[in-house]
Amino acid sequence: MIQKHFKAIIHINFLTLVILLSFIISSQAEDGTYSDKVGIFGIAGNRTNAALTTETADYIKKIFTYCGRFMPEESKQLDTALEKAKNSNSRNVYIHAGELLSLDILVMVVSYQLGNAVYSDVNIVPLNSAYENFKKTIRIKSENKLNIPLKAGREIAILHRNLPVTALIKKKYENGLYLINAGEWHGLRENTVYPTQKSDIKIEQTGRFESLARIPHLKEIKEKIIIRTYPETDKILEEITNDISGNTISKYSITDITSGNTEKRLLESVCLVNIGTNLIIPGYGAFLSTSYLGFENPKPDPYNITLSTSLIAMHLLLPELMTGFDVNFFPWKQDSDKTEKMQNLQKFLWISLPLTFSASYMDQLAYQFIQSEKLPPFFKNRNNMAGLFSLFIPGGGLFYKGRRAAGWGFYFSEMALAGYGIYNQNKDKGRYALYASGAVKIFDIAYAWFCSSGFSFYDRELERDVNTPVTIGFRPGAENESIITLMVSTGF
Amino acid sequence: MKNSTQNTTKHLPGLISICFFIFILLFNSALYASKPLAAVTGVKSGNVRVLAVSAILEDQLINVVNTTGIFDLINSGLLKEQLVKHGCIEEECVLAFAKTAKINLIFRGFVYDKGSSIQIQLLAQGIDYPYFGKIVYQYTAGIPVKGLNLTAAEYKYICEEHAGYFISDCLREYKSLTYIKTSKDNNTYIDSDFPVNGKFTLYRFEESPEEKDLKKAGIVGSISVSGKNITITNEEIQFRENDFILISFDRKADFLEKVYYGRKRELVFNGNSSADTAIMIFSTVPLSVLMPVAAPLAYYRNSDYYGLGLWALNTLPYLYLEYDGFKNRPNTYEDSNSDIPGKSRARFRFGIYMCLAGGIPLIIDAFSNQMHYLAQSYQGTQPYVGHTASAIYLSLISGGGGLFYKGYRYHGYAYFHLHNFLLYSFLKEMSPGKSYNEQKGTYTKDSINRKKAYTWLGAFTLLKIFEITHVSLIRDNIKNGKQIDKGFAFEPVIYDYNNDINIGIQYTFSF
């Protein structure tokens, strides 16, 4: 037993010593062993917002690491420096802490909630004059807490766009070989030639933070080289955008208000329920069918009801109106007044009636989704689903994506061209009309697949609604005094 | 004051180093070992929602590393405690620690909440040559959680599986630096705890000004090793102490992978029963006949709308052929004493095939895809699936049936189309049209292009052989989650030692 405890104590001592030693090795790295440094402070206002602030600060740290230009400083080091700074009566303790740690840039994050929206202010303060252009205060807003860290991370990734690797020469060997303080972490690859400000250099061997580079022109120790390789920000931004989209879809999912499988309910309502209700109550049936998806207190769109009722009436009465009510009402009965082409048109209008029911229903659905700020089922695969809906329903994909006017535009174009084509199918103009209808259908599918969503509450979350209302900066004056700058900007 | 502090700082490492070495010499037996020294420095959670999963993953990672028997693993609990206590969390400090402690390989990871899934990222970083801190292997996978019943028990299985595959893949990539040593009686040997066998490239470090810098190594030649003994294959090679070879652990990696796959099969499948295969054989015809109705209903019941869409796009052309074959069957032409087109005879025959056996792969897909999805996340034991005999039978009688049965939808559809295309082409050649002779009142068969027919048959046979071999060899698709990327960073610099010619090898693989 004693032996067991003794061994544990020895282990702890051993590890403590090794870690201390590692720390000293790390802290002696001021001669340029590692990269430029960033300190990230999460400034917690109250307990409610503390978790979000910490999460945002951690995510920002992750993005800095992904981009590989600024090494995040250890949290414990930051805390220690902050304590020292607090005791020094400096004006801005965070900036003073950053200076104590010789950081290159400082990021201060504070998150808070106002009403339904959550905000995060990310203040980036360069402490190294080389990064003066990094100075900015970004305010991020979201109605979904989960998106705050992602949006803050997105801004940090954007900041890294076109930022080359700045490396220091650490050692000089024979044969033009130099040890530089940038490696795999910064995105350098072995046996790869990179352009620099003067000439190309070849990376012969990489470590995580160091590399052996063959540099043709002579360099001195501690000299800087700018290696023109850039972080893969597009890849990071794509991943972040996907995550923001995923969180937003989860937040606005209709699953929250309805029990059961909403995907199934949507398909059932399109294929069966809506057709049935429209047969019983033409026009208004489309609105009634929306309740199958479980909307709370839905209100019908009167324009949709008026339009769809008129369209259904037109489907049934157009041949009658064209012939002054001389032809038989039913398409399968041909009388002496009903020409063959009129009968074809009548058949087309009756057969295509379910398409109008469906277009009307999809439009009512879009209205309900917009009103209730909910997203339709399958929204994660919205492009495929929109394409599929447009394949079967004229303008269906556009309605599905919340673009109601465009949906009706395609509906009228396809139906009018198809009807005209059927009516004149034995003539060239009829055939051309059918071809045109096919072309519009293809365009409808493609447009539905490619177009962005028409749900503003979803788009708002994905957009970069960043503004920099207030920018505060510090700079040294001529007599060693500190000058505080305050800028208020507004868009016009 | 500043100078005094600097001096203290300057001497502190030395003092600590002395203490450190005393401790090492007296107590830390791990550092005497010839096994590579490894450390799990923690699995961090991206947010509190996945804190529990990260703890489970860390435990499982430690267990798997221990079970390999390849590494001496530093007590992970103590290590983590000390790292946290001293604020050594970031990669920079952890690597410096590993380098100081002469650790060869460190493992760490991250867990992120992605809403409908959990993303795990596991990394292995090598400390000594040829890595110098670089990532040896990185494993990123998404674990689905939506619509699944996942308790701590399931998460434990899932984390163990991912840790197992990660370590297995990592061992396949990791090259352990192993020195040549000279004993007291001047015998040279390989300084390894493992039996090393085979032919190896012998490396030697080039002159390096300082021990801690990046070192380049050149190729000295190649040697054969058996156990610990070295055999020179080329007389001109003059090896010396501290030359080294890089040994890999491929066999162990294969073994680990087999173990984790085998264990999972036992957990999620219902055992290997020939009765299931018999049931499959007897139900082939009724299931195939019912396919046009049963398959879409099954997809719909399982909420597999993607499968339903694929079914509609892929099956409708064949259902049309079947329908047309029966509607315009040869009898209808015979009744009206008209010529029977070859196309009609071929479609009729193809229709009979589709009805009796050709539809089975799609009904299998409708059920097996869902069963494999549940099996992947340890959602109970799945009946009927997991028997290689059933898979071979299905591939024998239909196109892609075995692949669908093993859970590979895209492979299944590829074989399904190829099979049907070749079979229909063969049937078309073997079903010549029949011309009605009004005078004689009889039918005369058109000629058959036998060469063309046998070519189609040959291609069809080859496809079947290939498909059955594929089905026999491929594992069941029961691996949890989806591996997002796979990266290898082993990029040794190979120099010709005498002529200073360098040949770089950069191997990157991702999917």
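How many bridges pair strand β3 (residues 105-114) of chain A with strand β4 (residues 117-126) of chain A, and in which sense do the two strands pair? They pair in the antiparallel sense, over ten bridges, and within this pairing A:Y112 stands opposite A:Y119 in β4(A). The structure is a predicted model, in which local features need pLDDT of at least 70 and side-chain atom pairs count only at pLDDT 80 or more, while totals for chains, interfaces and linings use all residues. Residues are numbered from 1 along each chain as its sequence is written, and chains are lettered from A and ligands numbered from 1 in the order in which they are written.

Helices (H or I, at least four residues) and strands (E, at least two) are DSSP runs, numbered from the N terminus, and two strands count as paired if DSSP finds at least two bridges between them. Strands of a sheet pair through backbone hydrogen bonds, either parallel or antiparallel.

The strands β3 and β4 belong to an open sheet of five strands in chain A, with the order β2-β1-β3-β4-β5 and mixed pairing. At the edges stand β2 (70-72) and β5 (136-142) of chain A, each with a single partner strand, so one side of each is left without a neighbour in the sheet. Neighbouring strands of this sheet are turned by 25 degrees against each other on average, direction ignored; here axes are lines fitted to C-alpha atoms, for helices over the stretch in contact, and angles run from 0 to 180 degrees between N-to-C directions. Helix α5 (residues 147-159) of chain A packs on the sheet and touches β3, β4 and β5 of chain A, and its direction makes about 145 degrees with that of β5(A). Two residues are in contact if their C-beta atoms, placed from the backbone, lie within 7 Å.

Chain A also has an open sheet of six strands, in the order β8-β9-β10-β7-β6-β11, whose pairing is antiparallel. Its edges are β8 (192-195) and β11 (224-227) of chain A, each with a single partner strand, so one side of each is left without a neighbour in the sheet. The twist in this sheet averages 40 degrees from one strand to the next. Strand β6 (residues 165-172) of chain A runs antiparallel to β11(A) and is joined to it by four bridges, and the bridge partner of A:V165 in β11(A) is A:I227.

Turning to helices, the axes of α3 (residues 75-87) and α4 (residues 93-100) of chain A come within 8 Å and cross at roughly 120 degrees. The two helices are therefore oblique to each other, since angles under 35 degrees count as roughly parallel, over 145 as roughly antiparallel, 65 to 115 as roughly perpendicular and the rest as oblique. On the side of α3(A), the contact is made by A:L78, A:A81, A:L82, A:K84, A:A85 and A:K86, and on the side of α4(A) by A:V93, A:H96, A:A97 and A:L100.

Further along chain A, A:Q364 lies in helix α11 (residues 353-372). With 27 C-beta neighbours inside 10 Å, A:Q364 counts as buried; a residue is buried if 20 or more other C-beta atoms lie within 10 Å of its own, exposed if 12 or fewer, and partly exposed in between, with C-beta atoms placed from the backbone. Leaving aside neighbours within four places in sequence, A:Q364 is in contact with A:A286, A:F287, A:T290, A:D301 and A:N304.

Chain B has 16 helices and 16 strands, and of its 511 residues 41% count as buried. Strand β9 (residues 217-227) of chain B runs antiparallel to strand β10 (residues 229-232) of chain B, with four bridges joining them, and the two form a hairpin with one residue between them.

Some backbone details of chain B deserve a look. Most residues other than glycine have a negative phi, and most peptide bonds are trans. The peptide bond from B:Y129 to B:P130, however, is cis, with omega near 0 degrees, and B:P130 lies in the loop between β4 (117-126) and β5 (135-144) of chain B. The loop between β4 and β5 of chain B also holds B:F132, whose phi is near 50 degrees, a positive value in a residue other than glycine. B:F132 is buried, with 25 other C-beta atoms within 10 Å. B:N337, which is not a glycine, has a positive phi of about 50 degrees, but B:N337 is exposed, with 11 other C-beta atoms within 10 Å.
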